[in-house]
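Hi,

Here is the structure I promised to pass on to you.

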Amino acid sequence: MADWTDAQRKTVASVWGQLDAEIGAHALARVLIVYPWTQRYFGSFGDLSTAAAILGNGKVAAHGKVVLQALEKGVKNVDAIKSTYTDLSRLHCLTLKVDPDNFRLLADCLTIVIATKLGAAFNPQVQATWQKFLSACVIALGSQYV
Amino acid sequence: MLSSYEKELLVTIWERMLPIAEDIGSDALLRMFTTFPKTKTYFAHLDISPRSAHLLSHGKKIVEALLEGAQNITTLTTTLAPLSRFHAYQLRIHPTNFKLLSHCILVTLAINMKDEFDPIAHAAMDKYLSAFAAVLAEKYR
Ligand code: HEM
Ligand code: HEM
């Protein structure tokens, strides 16, 4: 598991503190728009046929919030990210059958949405630390695939 | 596939970046070096510290190449042939690194354009950068 310096812990908490609840919806919408194959898992979400439909889809927005709430658990438990996501990894593997390569795509979309919101404050050092955190979550979410 | 709207959007964005090419390109490079330190191995012969002359001039070259590619998108393979030969035969960059730089270019654009870097622009740019990277890596084998 990743080691964290005090400065890195502060950075992760500070980035998180600046995000509003909509960020998860924006990130999920982008993953569906930029990487359309991810739509295969969301057949029950209704109309995903155009970018506008995805951006206006209430189920996408609601699920974006759920994803963000799950990430908050990682933010609060940076020293135990793997065990934090054991159950969620099993769910995505065994029940939802999501290809784990998609986790990184969602993480990348989230990073880009954050960059549009934070602007220059999201400097290279902050980005590097934030992505270290997200990549630990991505690895954890993939850890129970068998 | 890029729609004609997306092709125009790409040219518009890169034309906007041209006057600040040094800043944009060097910011993306610095992000790549900081977030993915292994990428620094390819630049060991250059001074790549923040705002160094090399970093700025190399950043500028990257933005110029991306604008040139966007303007010649239907002939990307021939337009980029010299750059492709250079990356494949001389530099021999492991192809995974193209994804890392592409991601950092997206982050730099997001920071610069804020809400204007919307999902439509993001999708168009992501497709373009992966097409560009595919051409750069095409001559590898
Ligand atoms: C950062 C990465 C991710 C996190 C933290 C995350 C988190 C979650 C959470 C908390 C749930 C709800 C679980 C429950 O109902 O108990 C969920 C459901 C789901 N996730 Fe993920 N997820 C992530 C990435 C992905 C990706 C990349 C995909 C597919 C491309 C995906 C597909 C799904 C699907 C299809 C559901 C069920 C949705 C429904 O029918 O309500 N997830 N995810
Ligand atoms: C979007 C992707 C890329 C673009 C547009 C791009 C563009 C360029 C350009 C225009 C040059 C200058 C060529 C010349 O002087 O004739 C160059 C050189 C170079 N590139 Fe790339 N490149 C890309 C990806 C990469 C990646 C991923 C790496 C390594 C991680 C890399 C490493 C280098 C190196 C080491 C040089 C030579 C630098 C020097 O000695 O001055 N490039 N690239």
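This is a predicted model: local features need pLDDT of at least 70, side-chain atom pairs count only at pLDDT 80 or more; totals for chains, interfaces and linings use all residues.

**The iron**

Let's begin with ligand 2, which has an iron atom. Which protein residue gives the iron atom of ligand 2 its donor? It's His87(B), through its NE2 atom, at 2.1 Å, and this is the single donor that comes from the protein. If you want to find His87(B) in the viewer, go to helix H5 of chain B, which covers residues 81–91.

**Where chains A and B meet**

Next, the contact between the two chains. Chain A puts 23 residues into it and chain B puts in 22. Together they bury about 1800 Å², and 65% of that area comes from carbon and sulfur atoms.

There are polar links here too: 7 residue pairs are in polar contact across the interface of chain A and chain B. On the chain A side, the elements giving two or more residues are helix H2 (23–34), helix H3 (51–55), helix H7 (101–118) and helix H8 (124–141). Of these, H7(A) gives the most, with 8 residues. Sorted by class, the chain A side has 12 nonpolar, 7 polar and 4 charged residues.

**Salt bridges inside a chain**

Over all chains, the structure holds 10 salt bridges.

In chain A, Asp108(A) pairs with Arg104(A), with 2.7 Å between the closest N and O atoms. Both residues belong to helix H7 of chain A and are 4 residues apart, about one turn of the helix. Is Asp108(A) buried or exposed? It's buried, because its relative accessible area is 11%, and the cut-off for buried is under 20%. Arg104(A), on the other hand, is partly exposed at 39%.

In chain B, the side chains of Asp27(B) and Arg31(B) form a salt bridge, 2.8 Å from N to O. These two are 4 residues apart in helix H2 of chain B (residues 21–35), so about one helical turn separates them. Arg31(B) is buried, with a relative accessible area of 2%.

**A serine to look at**

While you're in helix H2 of chain B, find Ser26(B), which lies there as well. Ser26(B) counts as buried, at 5% relative accessibility. A polar atom of its side chain lies 3.3 Å from the backbone oxygen of Asp23(B). Leaving out residues up to four places away in sequence, Ser26(B) touches Ala21(B), Arg51(B), Leu55(B), Leu56(B) and Gly59(B).

That's everything from me for now. Happy exploring!

Notes:
Residues are numbered from 1 along each chain as its sequence is written. Chains are lettered from A and ligands numbered from 1 in the order in which they are written. Side-chain values use heavy atoms; hydrogens and water are left out. Donors are N, O and S atoms within 2.8 Å of the metal (3.2 Å for Na, K and Ca); water is not among the atoms, so sites may look incomplete. Contact means heavy atoms within 4.5 Å. Buried area is the accessible area (1.4 Å probe) that two parts lose on being put together, summed over both. A polar contact is a pair of N or O atoms within 3.5 Å; within protein, one must be able to donate a hydrogen and the other to accept it, and residues adjacent in sequence count only if both atoms are side-chain atoms. Ala, Val, Leu, Ile, Met, Phe, Trp, Tyr, Cys and Pro count as nonpolar, Asp, Glu, Lys and Arg as charged, and the others, Gly among them, as polar. A salt bridge is a side-chain nitrogen of Lys or Arg within 4 Å of a carboxyl oxygen of Asp or Glu. Buried means under 20% relative accessible area, exposed over 50%, partly exposed in between (1.4 Å probe, protein chains only).
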